[in-house]
Amino acid sequence: NKQVLFKSHPIGAPKETDFQFCEDSTISLEVPEGSNGVLLKNLYLSCDPYMRFLMAPGSGIEEELSNYAVSSPIKGYGVSKVVDSKHPNFQNGDLVWGTTGWEEYSLITKPDDLTTIEHKDIPLSYYTGILGMPGLTAYAGFYEICKPKVGDKVYVSAAAGSIGQLVGQFAKSAGCYVVGSAGSKEKVDLLKNKLGFDDAFNYNEQEIDAALKRYFPEGIDIYFENVGGKALDTVVLNMRMHGRIALCGMISQYNLEKHEGVHNLIQLIFRNIRMEGFTSFAYRHVYSKMLDFMLPYIREKKIICVEDIAEGLENGPAAFVGLFTGRNVGKQLVALAAK
Ligand code: NDP
């Protein structure tokens with residue numbers, strides 16, 4: 001059983017050397033007697049920015065997410081096949097998505113977090129993205145928190161990533177005007193030419209305040225926040241009265257020892273702006289509503305999910321580290337095995 005173990009707590013940006021490969025020859029391909037767990041063969045693993053928090057020393061960011069223990073396999077979302085089960089809800093051969101390990105086979109002793117995949121006509125890898133945790137996050141943040149109206153002016157940061165690309169497409173389908181920002185020309189082209197954004201800019205080449213003033217001369221109604229820090233400070237100054245800000249993530253802050261302050265929050269008062277943070281966990285109850293909404297769009301190819309697929313467990317650490325340098329275009333995942 002090839003595995004990727006957690007080796008060291010990063011200081012600053014995570015590095016490939018914070019991970020270690022090993023082979024565990026002792027694994028049994030059966031769930032032990034007396035357990036009601038499942039044994040998974042892992043097919044796809046998801047690279048997600050929150051995993052950086054779990055690399056910090058300490059107990060965890062949420063009750064359900066404990067930090068990685070040194071020398072234990074990395075944990076994250078994935079798509080897997082059940083190869084043995086002693087749990088009444090799972091049968092051999094079931095395809096599932098949920099938390100698993102960065103290894104070929106994982107014994108999951110408490111499989112409560114696993115969801116059986118029922119719609120198998122959709123590419124299985126989509127359950128790491130558009131139909132998995134990132135899809136739920138984008139859906140909840142945009143529809144439940146931002147509550148879009150036709151004609152709203154929407155700005156999305158990290159727009160060519162896993163979540164941002166979906167929010168932009170949701171905004172278009174809701175009759176909004178949407179502009180995204182991203183860190184390279186390739187990503188800007190993708191937003192404009194493939195994902196249907198009305199416009200897009202490269203924040204490394206254009207100063208954000210000037211760009212926002214140009215693209216939103218009357219201000220922004222909805223900001224879907226993925227980046228944080230100075231970007232948020234600038235956006236607040238460009239919001240319209242009664243604007244909504246969904247605080248999804250702040251990736252620019254995750255590798256900093258001390259988070260940057262945001263100085264312009266007084267504008268939330270003056271402009272009657274609602275800013276709301278959220279986690280995907282808190283919106284699990286909308287997952288089936290999200291599926292009903294998303295499946296027809298996916299089948300009719302009205303929504304696409306751009307994927308960046310690293311092949312093989314050995315390329316997992318580089319793929320994860322790349323989230324923090326903008327190497328990924330679209331949803332970053334790692335492919336391990338065919339069904
Ligand atoms: P992405 O697929 O968007 O990958 C991360 C991207 O962030 C990179 O490709 C890069 O794109 C951009 N980025 C990295 N570092 C910086 C930086 N310092 N400044 C600006 N941009 C940066 O990731 P996801 O779509 O999975 O996640 C997007 C956000 O949503 C993250 O903040 C994440 O933590 C958050 N999130 C929140 C959840 C929740 O429950 N609230 C759940 C899942 C994710 P570029 O080239 O454009 O810079």
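Q: How many Å separate the centres of domain 1 and domain 2?
A: In this predicted model, the centres of domain 1 and domain 2, taken over C-alpha atoms, are separated by 28 Å.

Q: Which residues belong to each domain?
A: Domain 1 consists of 2–129 + 306–335, and domain 2 covers 133–281.

Q: And how many residues does each domain bring to the contact?
A: Domain 1 supplies 16 residues to the contact, and domain 2 supplies 17 residues. On the side of domain 1 that touches domain 2, the residues comprise 6 nonpolar, 6 polar and 4 charged.

Q: Turning to the ligand, how many residues surround it, and which are the closest?
A: The ligand is surrounded by 30 residues, the closest being Gly161, Ser162, Gly183, Gly249 and Gly326.

Q: Which elements give two or more residues to that shell?
A: They are helix H2 (133–146) and helix H3 (162–173). H3 provides the largest share, 3 residues.

Q: Which domains does the shell draw at least three residues from?
A: Both domain 1 and domain 2 contribute at least three residues each to the shell around the ligand.

Q: What is the shell like by class?
A: The shell around the ligand has 14 nonpolar and 14 polar residues, together with 2 charged residues.

Q: New topic: how do strands S11 and S12 run, parallel or antiparallel?
A: Strand S11 (residues 177–182) and strand S12 (residues 199–202) run parallel and are joined by 4 bridges. Between them the chain passes through helix H4 (residues 185–193), forming a right-handed β-α-β crossover.

Q: Which residue in S12 stands opposite serine 181?
A: Phenylalanine 201 stands opposite serine 181.

Note on methods. Residues are numbered from 1 along each chain as its sequence is written. This is a predicted model: local features need pLDDT of at least 70, side-chain atom pairs count only at pLDDT 80 or more; totals for chains, interfaces and linings use all residues. Two strands pair if DSSP finds at least two bridges between them. A crossover is right-handed if, with the strands pointing away from the viewer, the path from the first strand over the helix to the second runs clockwise. A residue is near a molecule or strand if its C-beta atom, placed from the backbone, lies within 6 Å of it. Ala, Val, Leu, Ile, Met, Phe, Trp, Tyr, Cys and Pro count as nonpolar, Asp, Glu, Lys and Arg as charged, and the others, Gly among them, as polar. Domain bounds come from an automatic or database domain assignment. Two residues are in contact if their C-beta atoms, placed from the backbone, lie within 7 Å.
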